There are 4 protein chains.
Amino acid sequence: MIITLKKGSKKKETDLIIGKIKKLGYKPHISKGKDMTIIGMIGEYAEKYRDIFAAMEAVENISEIQKPYKLASREFQKNNTVIKVRRNVEIGGKQIHVMAGPCAIETKEILFKTAKIIKNAGATIIRGGAFKPRSSPYAFQGLGEKGLKYMEEAGEKLHMPTISEAMSAEQVELVSKYCDIIQIGARNIQNYDLLKEAGKQKKPVLIKRGMATTIKELLLSAEYILSQGNYNVMLCERGIRTFEDSTRFTLDLNAVPVLKKLSHLPVILDPSHGIGIREHVGTMAKACIAAGADALILEVHPKPEEAFSDGPQSLLPDQFEKLMKELDLVAKAVGRELL
Amino acid sequence: MIITLKKGSKKKETDLIIGKIKKLGYKPHISKGKDMTIIGMIGEYAEKYRDIFAAMEAVENISEIQKPYKLASREFQKNNTVIKVRRNVEIGGKQIHVMAGPCAIETKEILFKTAKIIKNAGATIIRGGAFKPRSSPYAFQGLGEKGLKYMEEAGEKLHMPTISEAMSAEQVELVSKYCDIIQIGARNIQNYDLLKEAGKQKKPVLIKRGMATTIKELLLSAEYILSQGNYNVMLCERGIRTFEDSTRFTLDLNAVPVLKKLSHLPVILDPSHGIGIREHVGTMAKACIAAGADALILEVHPKPEEAFSDGPQSLLPDQFEKLMKELDLVAKAVGRELL
Amino acid sequence: MIITLKKGSKKKETDLIIGKIKKLGYKPHISKGKDMTIIGMIGEYAEKYRDIFAAMEAVENISEIQKPYKLASREFQKNNTVIKVRRNVEIGGKQIHVMAGPCAIETKEILFKTAKIIKNAGATIIRGGAFKPRSSPYAFQGLGEKGLKYMEEAGEKLHMPTISEAMSAEQVELVSKYCDIIQIGARNIQNYDLLKEAGKQKKPVLIKRGMATTIKELLLSAEYILSQGNYNVMLCERGIRTFEDSTRFTLDLNAVPVLKKLSHLPVILDPSHGIGIREHVGTMAKACIAAGADALILEVHPKPEEAFSDGPQSLLPDQFEKLMKELDLVAKAVGRELL
Amino acid sequence: MIITLKKGSKKKETDLIIGKIKKLGYKPHISKGKDMTIIGMIGEYAEKYRDIFAAMEAVENISEIQKPYKLASREFQKNNTVIKVRRNVEIGGKQIHVMAGPCAIETKEILFKTAKIIKNAGATIIRGGAFKPRSSPYAFQGLGEKGLKYMEEAGEKLHMPTISEAMSAEQVELVSKYCDIIQIGARNIQNYDLLKEAGKQKKPVLIKRGMATTIKELLLSAEYILSQGNYNVMLCERGIRTFEDSTRFTLDLNAVPVLKKLSHLPVILDPSHGIGIREHVGTMAKACIAAGADALILEVHPKPEEAFSDGPQSLLPDQFEKLMKELDLVAKAVGRELL
């Protein structure tokens with residue numbers, strides 16, 4: 001962290017800052033020129049004390065040069081993390097995986113039907129929500145534990161791992177009991193109790209970037225999980241909120257190479273939420289793979305117009321089947337494989 | 001909800017939509033012109049089925065005309081809600097209240113010292129965080145229950161009600177036990193378990209708009225609390241995230257008259273977070289009152305450079321004292337009072 | 001355009017609206033239900049009168065159902081526009097083109113050197129700025145007409161068409177004289193005099209989306225050019241401004257399929273500006289092609305650290321050469337070709 | 001400008017940077033620690049060379065410590081600029097001015113009628129657009145020179161100065177001939193030819209912040225005008241584009257104290273565009289004054305439902321009259337005056 005002092009700041013003020021740095025256990029690095037004084041504060045996690053110095057009148061500017069996250073950073077681990085999910089599914093290697101299924105689990109029949117369709121088309125992980133975060137208290141809120149049981153059954157029957165969302169710290173245990181990957185939704189990106197709880201158990205965790213979360217904050221949220229001992233974390237970009245209103249969100253594909261550079265964790269993309277319009281999901285899925293996605297998460301529903309949520313962005317079975325073949329071509333063009 | 005069909009849509013498609021509306025228990029209202037077909041779906045909460053219709057191929061456009069929230073709306077209750085907090089403090093009436101104190105409770109001494117300062121200056125509610133949501137897992141996370149006990153003691157000693165944040169459903173009971181107002185932070189605006197829990201107890205709740213939450217979504221989150229039976233909800237604008245980076249957030253004062261028009265609930269403003277720069281907090285506090293705020297929430301710290309969080313935006317005691325007098329002048333200019 | 005009236009609006013108010021619609025030469029389409037009155041206003045360009053009705057007290061809501069642009073819309077022309085640039089270059093067909101070169105033309109030597117490099121690598125159009133829009137009045141503003149002459153010479157020598165930016169209506173003639181495609185920059189997306197002037201001459205025009213321009217507004221700006229008689233317009237996405245600050249802009253790839261659906265005009269992508277970080281430009285270029293780009297515009301500079309502008313995002317010659325081969329693989333994977 | 005090098009960067013790289021700084025005529029200020037090397041580049045306008053250094057592989061981070069604008073900065077001129085418009089109107093002093101009138105000049109009658117109304121209510125400057133930037137090429141584009149003549153006549157008759165917009169460099173002379181203040185609209189904030197032209201003539205210029213313009217960029221655009229010799233520049237905040245869609249724009253009142261701190265130029269607020277909803281314009285106008293506005297620009301129209309543009313946000317005559325009295329109360333509460 002580099003602290004630049006205001007022009008004409010006094011020795012007393014400089015000394016106060018140096019004293020504070022030492023008191024916090026860091027080493028100050030002073031550089032006094034004719035026109036400006038710069039003080040470096042070196043050491044792990046120095047950035048967490050930023051506010052203390054920013055509050056001082058003599059400080060002109062603070063510039064962070066170290067990353068405020070550590071375990072998530074490429075500096076901590078040079079090689080890509082490859083996460084071993086159950087049933088030989090490995091995320092983060094050459095193989096690109098597709099997690100597919102309905103947004104919400106509505107009935108056992110629809111779930112099983114969809115699971116069979118997506119497996120035949122080449123998907124390797126079943127997705128489905130048992131607990132649904134809905135902005136309106138009057139909308140369908142999910143089947144709860146019953147839905148999780150259906151997920152487990154579907155996974156057993158089709159020999160596929162499953163992913164489902166936990167919306168609170170208490171639900172972590174439940175989702176972890178029935179499913180293979182715990183999803184943390186965009187709305188809970190800074191629900192720190194939930195993040196810590198997910199970090200205390202052993203199942204892999206997929207964390208979705210919030211709609212106004214910066215890349216740095218996403219990595220800090222991942223750090224909450226990692227710092228509890230669970231290193232199997234996947235980062236998921238699913239669209240950010242911008243002024244553009246012709247799509248549901250703005251899928252930030254820039255985030256893929258940036259995350260890959262800053263972190264060793266696998267990067268997952270959710271084009272269904274990222275654009276929110278069924279007929280464009282396939283095109284964006286291709287762009288996701290070209291941008292370097294390690295896996296995709298896609299909504300598929302045999303009857304979208306009867307889906308309780310996200311129908312407008314769910315792919316139809318035949319669209320999905322055709323898309324998987326096209327995605328494989330793009331995967332191969334960038335040195336990966338999908339089918 | 002008004003459903004406009006695509007040009008040239010067939011009778012079969014129109015019938016499908018009409019059938020669906022009836023099946024969901026609503027009355028369709030069909031208007032067929034030469035160039036377009038419009039179907040109205042009237043009735044409470046029709047908007048929650050939006051996705052079902054949006055997923056249909058024949059649908060061109062859906063326009064919501066009813067509010068998806070009800071209890072929070074001005075249509076449900078014409079008169080302003082006035083919330084009776086303990087010790088004769090009423091929020092939502094002519095009197096504008098100021099909630100002040102440190103961002104985080106660090107020591108009992110600082111809390112008591114600050115509480116005394118703000119009371120002398122005219123503030124009526126003590127604020128202070130015992131549980132702190134921090135983006136970095138390595139930053140100070142708050143004193144927890146010990147901090148809440150200090151809050152209760154400070155309230156008793158100075159005969160002032162208190163406000164503190166609950167970060168999860170489980171913390172609601174704890175905060176409710178020691179404090180008079182439960183704050184739900186911006187990061188938890190869509191933590192629905194927390195919202196419901198806050199709705200099940202009786203203490204007033206202050207809910208902060210998230211950094212990417214629309215006004216409509218803020219009202220829907222309030223609706224989660226209201227729908228559980230707790231009608232004492234305050235809406236708090238604290239800055240949204242935009243491209244502008246010379247301030248911490250962009251305080252959206254437009255939201256004040258818009259919320260006042262749509263809802264009967266009191267509107268609270270947090271200029272400290274909204275601009276994030278100490279020397280400008282006072283100016284923005286005046287603007288908040290002119291815009292119609294029912295209360296302000298302000299960070300005050302006797303030694304901001306020793307604060308563990310938000311030091312850069314905390315007011316100094318003498319700044320706060322002077323500001324309170326200035327705020328009172330603005331309050332009177334808009335027909336309210338503060339001191 | 002559908003006008004929904006407020007509940008309980010009176011006959012007098014309804015009649016006023018109907019009268020206004022007729023007076024403006026449109027046909028009203030009234031639908032009066034028990035709970036609401038809806039008035040349709042049908043006909044070309046009805047949307048341009050939106051404000052008049054929105055200003056009326058009795059109006060609850062206005063919903064646009066027709067496109068406010070016409071010539072740019074897919075409804076006006078079903079088939080993709082294929083633009084014939086000079087020297088057998090056609091944009092909008094199966095072949096994906098790459099426009100490459102330095103951000104600004106600095107010296108004749110650098111321009112010629114770069115042009116040769118990009119041609120050898122497979123690019124088909126030379127880009128280079130003679131007039132540079134710079135946010136600081138103290139920064140390098142471009143070589144002006146001298147730069148355009150260098151462009152013409154480079155085009156002649158290498159038998160390649162050229163593209164350069166016109167920053168004002170007066171510069172259109174000049175750029176049109178020396179170059180083959182006129183670029184209108186993001187900052188001038190709503191400089192209507194410039195748009196009209198570009199529409200009055202015959203050279204193809206590439207128009208860049210502004211950093212806060214919606215997709216609808218981009219099409220309306222294109223409509224300004226088209227409505228003057230020049231149908232050779234290319235739409236260029238180059239990144240929008242959002243809260244994310246780890247990249248220069250947020251490249252909105254969602255815009256590609258959305259524009260392709262709404263319009264018949266070719267869509268060009270500028271990943272150099274869209275991410276602004278050299279090492280990630282290549283990855284994003286691949287994503288652009290997967291998303292459906294008809295052409296790319298890329299910054300290449302043999303010595304980026306000596307470039308007067310945009311050095312941080314300019315590709316090095318060997319990076320560019322390698323990238324072109326990779327882009328061709330992605331192009332083929334989506335049924336197009338590049339080399 | 002402070003350049004931080006990557007960990008482990010070599011002497012050769014450091015020397016390259018130092019050499020470059022010297023070659024550009026600046027003095028390098030090197031500070032080499034065990035863990036990091038920092039190089040300061042001190043001197044006027046150093047920031048304009050940022051890109052050159054950012055393009056170098058060895059550079060980790062660049063932090064600007066000087067302002068890239070100079071004449072607009074508070075460092076250049078300590079005291080507030082007070083602009084003398086014609087007829088004893090001075091903007092930037094204790095007196096707050098109100099510029100009012102229709103968005104577009106439609107007929108001479110409406111303009112004169114409105115001018116009389118606003119003068120009686122206490123406004124001191126007539127506003128009205130003769131050239132209208134409209135996103136659709138099919139919308140009303142303004143009366144042109146005829147409208148400017150009406151403005152001049154209205155100003156003469158009522159002894160009031162006038163303000164009108166110039167949309168291009170050529171229109172500057174025309175607007176300057178007939179009106180007393182030249183307005184540069186939000187869409188032209190980076191139309192540098194227009195800015196320079198406005199800087200070459202002597203009439204005061206009001207420059208509106210663009211919808212995605214940062215505060216720093218607004219000051220740089222002002223610098224374009226100032227650097228041509230015209231020091232009579234007013235900065236106008238009129239709403240930025242954000243994700244919030246219940247208001248037309250998000251009025252960024254934070255910008256007022258920030259601009260006042262960074263610059264000596266008067267700050268004008270446009271609440272009509274900033275919220276875009278008639279019934280809320282008055283409330284926001286009060287907030288603008290409390291935030292420190294030196295003048296307001298307000299849309300008033302005797303028959304908004306017949307206005308060709310911006311009717312939904314135009315105040316009715318009686319609303320305006322009432323508002324002016326209320327604004328005066330707020331002005332006095334913050335030590336200013338209006339009536």
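**Note on charges and symmetry**

1. Lys261(A) is partly exposed, because its relative accessible area is 45% (buried means under 20%, exposed over 50%, partly exposed in between, with a 1.4 Å probe and protein chains only). This is a predicted model, where local features need pLDDT of at least 70, side-chain atom pairs count only at pLDDT 80 or more, and totals for chains, interfaces and linings use all residues. Residues are numbered from 1 along each chain as its sequence is written, chains are lettered from A and ligands numbered from 1 in the order written, and side-chain values use heavy atoms, leaving out hydrogens and water.

2. Lys261(A) pairs with Glu279(C) in a salt bridge, with the closest N and O atoms 3.1 Å apart (a side-chain nitrogen of Lys or Arg within 4 Å of a carboxyl oxygen of Asp or Glu). Lys261(A) sits in helix α8 (residues 255-262) of chain A and Glu279(C) in helix α10 (residues 278-291) of chain C, so the pair joins two chains. Helices (H or I, at least four residues) and strands (E, at least two) are DSSP runs, numbered from the N terminus. Glu279(C) is partly exposed, at 46% relative accessibility.

3. A second bridge links Arg209(A) and Glu244(C), at 2.7 Å from N to O. This pair also crosses between chains: Arg209(A) is in the loop between β11 (205-208) and α7 (215-226) of chain A, Glu244(C) in the loop between β12 (233-237) and α8 (255-262) of chain C. Both Arg209(A) and Glu244(C) are buried.

4. Within chain B, Arg87(B) bridges to Glu156(B), the closest N and O atoms being 3.2 Å apart. Arg87(B) lies in the loop between β5 (83-84) and β6 (90-91), and Glu156(B) in helix α4 (residues 145-158), so the pair ties together parts 69 residues apart in sequence. Arg87(B) is partly exposed at 26%; Glu156(B) is partly exposed at 42%. In chain A, a salt-bridge network links Arg86(A), Arg87(A), Glu156(A) and Asp180(A). Over all chains, the structure holds 84 salt bridges.

5. Now the symmetry. Chain A superposes on chain C by a rotation of 180° with 0.0 Å of shift along its axis (RMSD 0.0 Å). The two copies are thus related as by a two-fold rotation axis. Superposition is by least squares on the C-alpha atoms of residues with pLDDT of at least 70 in both. Of chain A's residues, Ala287(A) comes closest to the rotation axis, at 2.2 Å (C-alpha).

6. Glu173(A) is found in helix α5 of chain A. Glu173(A) is exposed, with a relative accessible area of 68%.
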